[in-house]
Amino acid sequence: MKRLRELRKNNNLTMKELGKRMNLAESTISLYENGQREPDLSTLQKLAEFFNVTVDYLMGRDFDHNVRGVQLERSVVKIPVYGTIPAGVPIEMIADTYIEDEEEIPADWLKGGNRYFCLKVKGESMMPKFEDGDTLILKQQDDCNSGDYCAISINCTECTFKKVIKHDNGITLQPLNPSFEPMFFSNREISEKPITILGVVKEIRRGL
């Protein structure tokens with residue numbers, strides 16, 4: 001079941017985690033994804049409900065599907081590009097910027113209620129991996145894993161783009177370019193300012 005693997009990965013779940021939520025062994029999930037076994041109807045319905053898709057879609061029998069009751073008639077959807085995000089110094093929050101453009105993403109990414117937005121990189125602090133002018137596709141979420149590349153809100157008024165390194169006593173917003181200094185925030189500062197995650201990078205798009 002190729003689509004089961006795609007849905008699981010798009011929701012950042014391991015086979016073990018999905019198995020636990022479905023009360024199934026990790027090995028059973030593996031057999032489903034590799035096409036070595038098909039789930040019974042009851043299990044199919046549970047999986048479809050969990051990912052907010054139809055059983056037909058899960059089985060690969062249709063192309064159009066519903067996401068929270070919204071019919072997607074195409075295999076791609078458009079999401080807005082909100083201005084620029086600095087890869088150096090924070091700027092005003094993206095919510096106050098205008099929509100510059102739109103980007104297309106696979107409709108499958110929206111399964112399970114996932115939401116995405118785009119930002120443009122401005123500056124050189126995240127080079128060489130991220131260049132000035134790159135478009136970032138970000139999954140909207142308020143937490144991340146240590147080492148993720150994220151859009152971060154500071155003081156609810158500013159936004160920056162950095163690699164997030166988590167520590168027991170706080171977080172470091174780490175640039176990749178050694179010419180720029182990292183920013184450390186204690187757990188107290190994270191709560192008081194506050195410092196919050198807006199989204200995690202899923203894809204980089206670079207012009208010719």
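**Helices, cores and a buried lysine**

Mentor: Directly after α4 comes N52, and the phi of N52 is positive, near 60°. Keep in mind that this is a predicted model.

Trainee: Which residues follow α3 and α1 with a positive phi?

Mentor: After α3 it is G35, with phi near 75°. Just after α1 it is N12, at about 55°.

Trainee: What makes M22 count as buried?

Mentor: The cut-off for buried is under 20% relative accessible area. M22 has 6% relative accessibility, so M22 counts as buried. M22 belongs to helix α2.

Trainee: What does M22 touch, beyond residues up to four places away in sequence?

Mentor: M22 touches K46, L47 and F50. A contact needs heavy atoms within 4.5 Å. The C-alpha atoms of M22 and L47 are 7.5 Å apart, although 25 residues separate the two along the chain.

Trainee: Why are the buried residues of α4 said to lie on the same side?

Mentor: The buried residues in α4 are T43, L44, L47, A48 and F51. Their arc around the axis is only 135°, which puts them on the same side of α4. The face turned away from that side carries L41 and E49, which are exposed. As for what covers the buried residues of α4, this includes α1, α2, α3 and α5.

Trainee: How do you know that the buried residues of α3 share a side?

Mentor: In α3, residues 26-33, the buried ones are T28, I29, Y32 and E33. They too cover an arc of only 135°, and therefore sit on the same side of α3. Their cover includes α1, α2 and α4.

Trainee: Why do the buried residues of α1 line one face?

Mentor: In α1 the buried residues are R3, L4, L7, R8 and N10. They fall within an arc of 170° seen down the axis, so they line one face of the helix. On the other side, K2 and K9 are exposed.

Trainee: What makes a set of residues a nonpolar core, and which residues have the most contacts inside the largest one?

Mentor: The members must be buried nonpolar residues joined through side-chain atoms within 4.5 Å. The largest such core has 15 residues, and those with the most contacts inside it are M1, L4, L18, L47, F51, V53 and L58. At least two residues of this core come from each of α1, α2, α3, α4 and α5. The largest share, four residues, is supplied by α4.

Trainee: What is L18 in contact with, leaving aside neighbours within four places in sequence?

Mentor: L18 is in contact with L4, R8, L13, I29, L47, F50 and F51. There is also a second, separate core of 13 residues, with F130, L138, F161 and V201 among them.

Trainee: How do you know that K139 has no salt bridge?

Mentor: A salt bridge needs a side-chain nitrogen of Lys or Arg within 4 Å of a carboxyl oxygen of Asp or Glu. For buried K139, the nearest side chain of opposite charge is D148, 9.7 Å away, so by the 4 Å cut-off there is no salt bridge.

Trainee: What does the side chain of K139 reach?

Mentor: The side chain of K139 reaches the backbone oxygen of N10 at 3.2 Å. The cut-off for a polar contact is 3.5 Å, so this pair is inside that distance. K139 is found in strand β7, residues 135-140. Beyond its neighbours within four places in sequence, K139 has contacts including N11, N114, Y116 and L198.

Definitions and conventions
Residues are numbered from 1 along each chain as its sequence is written. This is a predicted model: local features need pLDDT of at least 70, side-chain atom pairs count only at pLDDT 80 or more; totals for chains, interfaces and linings use all residues. Side-chain values use heavy atoms; hydrogens and water are left out. Buried means under 20% relative accessible area, exposed over 50%, partly exposed in between (1.4 Å probe, protein chains only). The arc is that of the directions from the helix axis to the C-beta atoms. Lys and Arg count as positive and Asp and Glu as negative; His and the chain ends are not counted. A polar contact is a pair of N or O atoms within 3.5 Å; within protein, one must be able to donate a hydrogen and the other to accept it, and residues adjacent in sequence count only if both atoms are side-chain atoms.
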